[in-house]
Amino acid sequence: MDINALHSCFAATLSPDPNIRKKAEDDLREAERAPGLLNACMNIVFEEQASSVHKAAAIYMKNVLHKALTDEYVEKASGTRISTEEKELFKKQVIEALIKVTNPQIHRQIVRMLNILITFEYPSLWPELPDIIISLIRSHDIAHIRAGAACLAEFGRAYTWRSGNQRRSAEVVITGCFDNALAICNLILDQNQTEHWNIIRDILKAYKFIVIYELPELLQKDESMIPWVTLFLKITAYPIPQEVMDLSEDNRVGTELAKCKKRTAFILCRIFERYGAPSLLSQYQSDYKSFAKHFLAGFAPQIIETYLREIEGWVNKSVWIPPKCMYYIVRFLEVAACESSSWKLLQPHYEGILARVIYPLLCPDDDDIEIFETNPEEYINRRVEIFEDSPTLDIAASRFLKTAFSKRRRSTFQSTVQFIDLTVTEADSMEESDEKYRRKDGALRMVSAISLEILKKGNPLLPGMENFLVSHVFDEFRSEFGILRARACELVRIFCRIEFHDMNNLIVAYNNVLQCLFDPEIVVQIDACNALERLMNYPEIIEALKPKVPEVMQQILKVSHELEMDSLGLTMDKFVETFAADLAPFANSLTSQLVDQYLELIEAVSTNSNAEPGVLNDTDGDDYFDHDKLGAAMSLLNTTSTFFLSLENSPDLVASLLGIVYPAISRSFELCLIEIYTEVIDLMTYAIYSIKRIPPLMWNLFDKCLVALMNDGGIDFYAEFCNLFILYLMHGSDDIKSNPELLDKFVGIVNFGFQDEIQNEVVLEDKIMGLVVAQTMMLLIPSSLLDRYIPDLVEKTMVLLEKDEAKRNKSQRQSIPIIEVILACLCCDMELTLRVLDSKPDRLSFCLQLIIQHRPQFSRVYDKKLYCTALLNVLSNTAELPPILSGHMNSMLFQQGILKCLESLPEAEANLKKMKDEMLTSDYYVTNEDDLAEDIWDDVEDEDEEGSRKEGALDPSGAEGIESQVAAGSEEYMNFLSSEVSRITGESADPLVDILDDDDDDAILQDNPHDETPLDNQNTYALFTNAMAVIESQFPERYSEILWNLSAEQGEVIKGIVARANASPV
């Protein structure tokens, strides 16, 4: 590789002439496949001067390396490749560059290259890496130590995502160099070597990554924990040099010292909340019980003491604490509030913390006000669309207050309420000023933070909240301070669920919120939209809104378009559902607006996600994907779907709107936006559900669905597509009957479901839904059109059934939908199906035995109807039956099969009707927050002893959900699941697959009030009486067989069936 030519190329990429730049970038893309490229680029980087050319070479080198190893990992045939020899040389060059390169920008690129190499090469292709790290850290040369710290940090980053033996390999590094790393940090601190704080930063980064999901036993021991915690507290209390304090706030937080303080605070918080707090340990973290007790007793007090001392200095403005550091300090104190022993240390300071820390952090500062006025989108991301784990100081303060108020009620209730009441009263009495507005907003935000506790039944504050709104909140709707107007809307949204003794106050709240919907500040409009959604639960508000429906809907759409927020989707959905009839005259314009906004968003998403980064691009690929736009697009689709569903009684109107939404659906499939397929399929589903037929436009979209299903990623939505295809069959069977090409496509869908890639899927729903498509087709299409397909379908189904039964009881209920395919074939063409089943020895007998054996699992109305219909068709058919279908077998099919199903059918039908009635009357929009508010208030503090968490509760620390539990105690957790599966099934199994399958299975095989089936309108009781009449008149011997030894109870069952048949229309 010609280094001089590369030099010229990199220089040309910096030219102001776009043509020269483009030519240079094209040449560099062409050079990616040239052997020796990376080594040549590294030689440029090694040159002494650090110009823009050298930075360009480093960035280009990093991008080529990432592309090459990614292509190799995914086995991309046409991808960039690096030979093994060049790669081995390059690894050595990267380590050498970490030692030699001093330019920070170039060094940062070298570190990224190291991360890429570790991600793809370690441990299998770079087993010597731990030895390299240990050697560098143990060196006496500062450049080697700095390189070792960088390697250690990237090793830790990769370790975070490893499991099993790969995680245990970190013990070599911990044992080999952590003592040295600790000594290096202490030496730098003791000698005040500020120029080497970047070394401490990287060592702390490595420690952080290693403990983030597990705390290795080596680090739990006192001989490790004591010196490391001592170091963390030394860094926490390390005074900020004056030269750092002289910097601006933005520059100050970017210093290495500030980064080190932040990382130590994170580490201590992580250890405490995930491993060191006994009451927060999940049932899968029993290995940490002894450590948690020891940490709580031996380490937490000293840490709390240090933090309280630092906070005191922060309050007095004698100590500066970096904001992210302060965030984790407050989070640590929040965890301390959960434990009795640590709360005793905090309790004497609670009122001071509340007044001097929590309250000031909840008051808007100058930065908040400026952002509110100049960058509302940023303000919304900070203050409106936030999550509880958002790493901002105000969120930490809100969490601490909420936790202390709920878990330490006896200690905190009175002082908290008194402080809020006093602060609000004082603010109300102040002259109009920014100070008044800030103080009032901070106090009201405290009310918001503890709102879930206030809303609990029996809370002594709850009866007074109506008066609180009237006295302290309603006036803020007219405040000059936009943040306060938004806060007023938020509090109405939260507390409008209370019981209003004076309904005029509710109307006042509504009028104020409606006025804020048209506020000049977009943030206020957002909060007004969210409040309006809650207010629409009141009939009085719905009546008041009716005259303003078009105007309000237009404003909501305008707000949604302006800020592209998916959180407004709930408001739009609720609005179109509540006022569907009022919006019907404006349906065309409303739908057009929704579609236009949607198309604009997905085109932007597609453009950004498909943009090819330049060869010198220095951002991550995910930066090209706009998740905010995608979320807003999903909300628009959901609103359109809700609108269609609400217009169920106006099928012609929905049909006329299909032409408007067609481009949105079509374009979504053309762009292969798989992230939004669920919402697109839902929209098509609701359209068909509303109009009860398949117009030509929907058939056009059917073809696009097939293409989307076969494309990359489409298989992940197989179950969703199958649900849609069932509706096509239900409402388009006449078109299918007259179009052989369409029928072939549906047969192709069924055959696709039998492929290994579907049958090997973990998600059971995917397997089952393909079988339901086959059943539906057999029940709706005449046998004359399906006879050529039935033999192949029966063969494939029996192979699947035999495999499923061979698993014994592991996934037994999957047998039901498989058997139902055979039953549906018997309904379609009984003679042909029996002939195919009887073509192999003992197969028909095996199938009939399974039909009888699994009859109790036919629990849904559809299952029972299909079961009876198929068997009645067999017993009453005039065709000659195989010899096995005689005598005792016929008696079993009739008495243990048909009669049992029909006996339980009335109860199943009654339950399904009840579910449908409840669906029509229930409030779909009850949220989890509402449910929480139904808890009962008491003044007993929460238990916090070890093991107090309810069984099955999720670990609240760090990464939420089941992933964190698996990571927290993965080996124990997997053993627990495996033992449970073995206990249930009698054999070893993959626990995650089988237990998750069980959960999905239960949901799939229950009656769903939304489902439509081909047998919904069938009177199965009349079918029974007609079949019995045929059997009695034409096959008297068979009639005697099925009634042989019939009990008196069974006779009563038959009488009940006949009575129901006579009472219902056929």
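This is a short chat about a predicted protein model.

Student: What kind of model is this, and how are residues numbered?
Tutor: It is a predicted model, where local features need pLDDT of at least 70, side-chain atom pairs count only at pLDDT 80 or more, and totals for chains, interfaces and linings use all residues. Residues are numbered from 1 along each chain as its sequence is written, and side-chain values use heavy atoms, with hydrogens and water left out.

Student: What is the mean pLDDT of the protein?
Tutor: The mean is 86, and 86% of the residues reach 70 or more. pLDDT is the predictor's confidence in each residue, from 0 to 100.

Student: Where does pLDDT stay under 50?
Tutor: Residues 621-625 are one such stretch. Residues 922-933 are another.

Student: How many contacts does the model have for them beyond four places in sequence?
Tutor: Eleven for 621-625, and 22 for 922-933. A contact means heavy atoms within 4.5 Å. Where pLDDT is low, the predicted coordinates should not be read in detail.

Student: New topic. Is S668 buried or exposed?
Tutor: S668 is buried, because its relative accessibility is 0%. Buried means under 20% relative accessible area, exposed means over 50%, and partly exposed is in between (1.4 Å probe, protein chains only).

Student: Which helix is S668 in?
Tutor: S668 sits in α38, residues 651-670. Helices (H or I, at least four residues) and strands (E, at least two) are DSSP runs, numbered from the N terminus.

Student: What does S668 touch?
Tutor: Leaving out residues up to four places away in sequence, S668 touches Y598, I602, L673, Y677 and V680. With Y598 there is also a polar contact of 2.5 Å between the side chains. A polar contact is a pair of N or O atoms within 3.5 Å; within protein, one must be able to donate a hydrogen and the other to accept it, and residues adjacent in sequence count only if both atoms are side-chain atoms.

Student: Now α24. How many of its residues are buried?
Tutor: Twelve of the 15, so α24 is largely enclosed by the rest of the structure. Among the buried ones are F400, L401 and F405. R399 is on that list too.

Student: How far does α24 reach?
Tutor: Helix α24 covers residues 393-407 and reaches 21 Å from its first C-alpha to its last. That is close to the 21 Å expected at 1.5 Å a residue. The expected span is 1.5 Å times one less than the number of residues.

Student: And R399, which residues is it linked with in a network?
Tutor: R399 is linked with R270, E273, R331 and E334 in a network of salt bridges. A salt bridge is a side-chain nitrogen of Lys or Arg within 4 Å of a carboxyl oxygen of Asp or Glu. Side chains of opposite charge can pair when their charged atoms come close.

Student: How many salt bridges does the structure hold?
Tutor: The structure holds 50. One of them joins the side chains of K67 and E32, at 3.1 Å, N to O. K67 lies in α4 and E32 in the loop between α2 and α3, so the pair ties together parts that are 35 residues apart in sequence.

Student: Is E32 buried or exposed?
Tutor: E32 counts as buried, at 11% relative accessibility. K67 is partly exposed, at 36%.

Student: What about D428 and K440?
Tutor: They form a salt bridge, with the closest N and O atoms 2.7 Å apart. D428 is in α25 and K440 in α26, so the pair ties together parts that are twelve residues apart in sequence. K440 is buried at 2%, while D428 is partly exposed at 28%.

Student: Last topic, the backbone. Which peptide bond is cis?
Tutor: The bond from Y122 to P123 is cis, with omega near 5°. P123 lies in the loop between α6 and α7. Most residues other than glycine have a negative phi, and most peptide bonds are trans.

Student: What is phi for K692 and N1045?
Tutor: Phi of K692 is near 60°, a positive value. Phi of N1045 is also near 60°. K692 is in the loop between α39 and α40, and N1045 in the loop between α57 and α58. K692 is partly exposed at 37%, whereas N1045 is exposed at 59%.
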